[in-house]
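The questions below go through one structure, helix by helix.

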Amino acid sequence: MPHKRNPENFEAIAALAEPIFAAQTQLMHALLSVNERDAIAWKQLWLALPEIHQYVDRQLTSLIAMLDGLVVNVDKMQENVARLGDLVYAEDIMMFLADRLGKQTAHEILFEVAQRSIDQQTDFLTDLMANAAVAEVTSLSELKTVASFEKTTVAIPTLIAHVLEKEVG
């Protein structure tokens, strides 16, 4: 689709994690020493660390290039959230209900109710509360608390500040 960005670069970054994990085996073996001046152990580091460095360097270079081209369309994001309504929080609600109903039951109920809400263009939370199993374990006000924009996004500024503080500090 021409309006989508190609995920290839991100997939390549994720794929480079595997050889890094594999090189950890060499690092673990380097912890083993036959005696206190065992050159075998630290020579393992000569093999593993440059390889890990190359992969991490490539990952970071790719991420920097991706982030430089990142376009965040806040208006479009808000429009999508408004269009989807409380369906945006279906995953959060499912995890909330999983604690009370069990994961599989919560998943099945949420899937069925979400599909019905989309098809019939009805209010998701009202439809959810119409389910007897859900109504037995929670209230509409409790679901509204779970499906809260403020609750979901409250940590974002803190996380950003923390990252920037580490970057600058």
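Q: How are H1 and H3 oriented to each other?
A: This is a predicted model, in which local features need pLDDT of at least 70 and side-chain atom pairs count only at pLDDT 80 or more, while totals for chains, interfaces and linings use all residues. Residues are numbered from 1 along each chain as its sequence is written, and side-chain values use heavy atoms, without hydrogens and water. The axes of helix H1 (residues 8-15) and H3 come within 10 Å and cross at roughly 155°, and angles over 145 degrees count as roughly antiparallel, under 35 as roughly parallel, 65 to 115 as roughly perpendicular and the rest as oblique. H1 and H3 are therefore roughly antiparallel.

Q: How many nonpolar residues does the contact of H1 with H3 have?
A: Asn9, Phe10 and Ile13 in H1 meet Gln59, Ser62, Leu63 and Met66 in H3, where contact means heavy atoms within 4.5 Å. Ala, Val, Leu, Ile, Met, Phe, Trp, Tyr, Cys and Pro count as nonpolar, Asp, Glu, Lys and Arg as charged, and the others, Gly among them, as polar. By these classes the contact of H1 with H3 has 3 polar residues, no charged ones and, as the number asked for, 4 nonpolar.

Q: How is H2 oriented to H3?
A: Helix H2 (residues 17-30) and helix H3 (residues 39-68) have axes that come within 9 Å and cross at roughly 160°. That angle makes H2, relative to H3, roughly antiparallel.

Q: How many charged residues are in the contact of H2 with H3?
A: Residues of H2 including Ile20, Ala23 and Leu27 meet residues of H3, among them Leu45, Glu51 and Ile52. By class, the contact of H2 with H3 has 14 nonpolar residues, 3 polar and, for the class asked about, 1 charged.

Q: Is Leu47 buried or exposed?
A: Leu47 has its place in helix H3. Its C-alpha is 13 Å from that of Met28, which is 19 residues away in sequence. Buried means under 20% relative accessible area, exposed over 50% and partly exposed in between, with a 1.4 Å probe and protein chains only. Leu47 has a relative accessible area of 52%, so it is exposed.

Q: How is H5 oriented to H6?
A: The axes of H5 and H6 come within 7 Å and cross at roughly 140°. That makes H5, relative to H6, oblique.

Q: How many nonpolar residues are in the contact of H5 with H6?
A: Residues of H5 including Ile93, Met94 and Leu97 meet residues of H6, among them Lys103, Ile109 and Leu110. The residues of the contact of H5 with H6 divide into 2 polar, 1 charged and, for the class asked about, 9 nonpolar.

Q: What is the relative accessible area of Gln121?
A: Gln121 sits in the loop between H6 and H7. Its phi is positive, about 50°, although Gln121 is not a glycine. Gln121 is exposed, with a relative accessible area of 74%.

Terms used: Axes fitted to C-alpha atoms, helices over the stretch in contact; angles between N-to-C directions. Helix = DSSP H or I, 4+ residues; strand = E, 2+ residues; numbered from the N terminus.
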